Amino acid sequence: MKKYNTLLAVPYFMWLIFFVLAPVLLVVGYSFFDQNGHFTLANYAEYFSSGKYLLMTFNSVWYALLITVITLVISYPTAYFLTKLKHKDLWLLLIILPTWINLLLKAYAFIGIFGVHGGLNSFLGFFGILPKQLLFTDFSFLVVAVYIQLPFMIIPLLNALDELPASFIAASKDLGASATQTFFKVVFPLSLNGVKSGVQAVFIPSLSLFMLTRLIGGNRVITLGTAIEEHFMVTQNWGKGATIGVVLILAMIVVMIFTGEKKVGGKK
């Protein structure tokens, strides 16, 4: 039986080796070579000494943080409300459905909505508000990014809230706690694992956004994801692009460490 279980694990480990470990090692390897194929540490030296790249790093972290916070603020009450509904599976399906649509199609749909002659400006026109340039702004970028990331925050939060023992909440009320006290002392602490999982699912991808920064942000929002695309697709400087990729990988590892489950007494 043990040998049989080991054989079943072979495809999983092959997947990890060829589609996770190998690409990461390639990116790390490319980061130590210049455009002429010579080994160098100049890529890292330039990255950490360049104000331009440091500003991009700050922008990436800042926008990822904004997207995560806004998404969490919207998703938590939504997930909590869904746990109270009778047909929550149906509502959850409606929330998940947009994830089945290609990201590029959703981006172009929002271009039509936020354009000068788009749906939102047409709606505002009924109230006498003149058309405004809503596209290619921080506002439009954040709205679209939050919309796209919402399902990935709601699902882990819903799972965590759905697993809360009703007896804990009832006991809190029986002991005289108010609804607010029950939420902050019982509900929220017990749902922290869902919050952490949601933060990982949203913050990490948001660090490397590049399609939305171009199509919705109009390159006004410059992040490390934009720089990676520029170096790989335009300047063909794979070394610099890979260096930025390594920095993003390290940033993602740091985020996972801080949002991972803490072990208490040798147990999770």
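I take a salt bridge to be a side-chain nitrogen of Lys or Arg within 4 Å of a carboxyl oxygen of Asp or Glu.

**Entry 1. Basis of the model**

I note that this is a predicted model, in which local features need pLDDT of at least 70, side-chain atom pairs count only at pLDDT 80 or more, and totals for chains, interfaces and linings use all residues. Residues are numbered from 1 along each chain as its sequence is written, and side-chain values use heavy atoms, with hydrogens and water left out.

**Entry 2. Overall fold**

I looked up the secondary structure, taking helices (H or I, at least four residues) and strands (E, at least two) as DSSP runs numbered from the N terminus. The protein chain has 13 helices and zero strands. I recorded the extent of the C-alpha trace along its principal axes as about 70 × 70 × 35 Å.

I next looked up contacts, meaning heavy atoms within 4.5 Å. Among the contacts in the protein chain with a separation of 6 or more, 68% come from residues 24 or more positions apart.

**Entry 3. Surface and charge**

I used accessible areas from the Shrake-Rupley method with a 1.4 Å probe; for residues, only the protein chains shown count as cover. The protein chain exposes about 16400 Å², and carbon and sulfur atoms supply 73% of that area.

For burial I applied these limits: buried is under 20% relative accessible area, exposed is over 50%, and partly exposed lies in between (1.4 Å probe, protein chains only). Of the 268 residues, 35% count as buried.

For charges I counted Lys and Arg as positive and Asp and Glu as negative, leaving out His and the chain ends. Each charge was placed at NZ of Lys, CZ of Arg, CG of Asp or CD of Glu. The mean positions of the 18 positive and 10 negative charges are 7 Å apart.

**Entry 4. Annotated spans**

I consulted UniProt, whose positions are in the numbering used here, with feature names shortened; its annotations may be inferred rather than shown by experiment. The unreviewed entry lists "transmembrane region" at residues 12–33, 61–83, 90–114, 134–158, 198–217 and 237–258. In the model, residues 12–33 are 86% helix and 0% strand, with end C-alpha atoms 31 Å apart. Residues 237–258 are 95% helix and 0% strand, and their end C-alpha atoms lie 32 Å apart.

The unreviewed UniProt entry also lists "domain: ABC transmembrane type-1" at residues 57–259. I found that span to be 76% helix and 0% strand, its end C-alpha atoms lying 20 Å apart.

**Entry 5. Salt bridges**

The side chains of Glu46 and Lys240 form one of them, at 2.9 Å from N to O. Glu46 sits in helix H2 (residues 42–49) and Lys240 in helix H13 (residues 238–259), so that the pair links distant parts of the chain, 194 residues apart. Glu46 is partly exposed at 30% relative accessibility, whereas Lys240 is buried at 19%.

I also found Asp162 and Lys88 in a salt bridge, at 2.5 Å from N to O. The pair ties together parts 74 residues apart in sequence, because Asp162 lies in helix H7 (residues 138–162) and Lys88 in helix H4 (residues 88–96). Asp162 is partly exposed, at 39% relative accessibility.

Glu229 pairs with Arg214, their closest N and O atoms being 2.4 Å apart. Glu229 belongs to helix H12 (residues 224–234) and Arg214 to helix H11 (residues 211–215), 15 residues apart. I recorded relative accessible areas of 22% for Glu229 and 26% for Arg214. Through shared partners, salt bridges join Arg214, Glu229 and Glu230 into one network.
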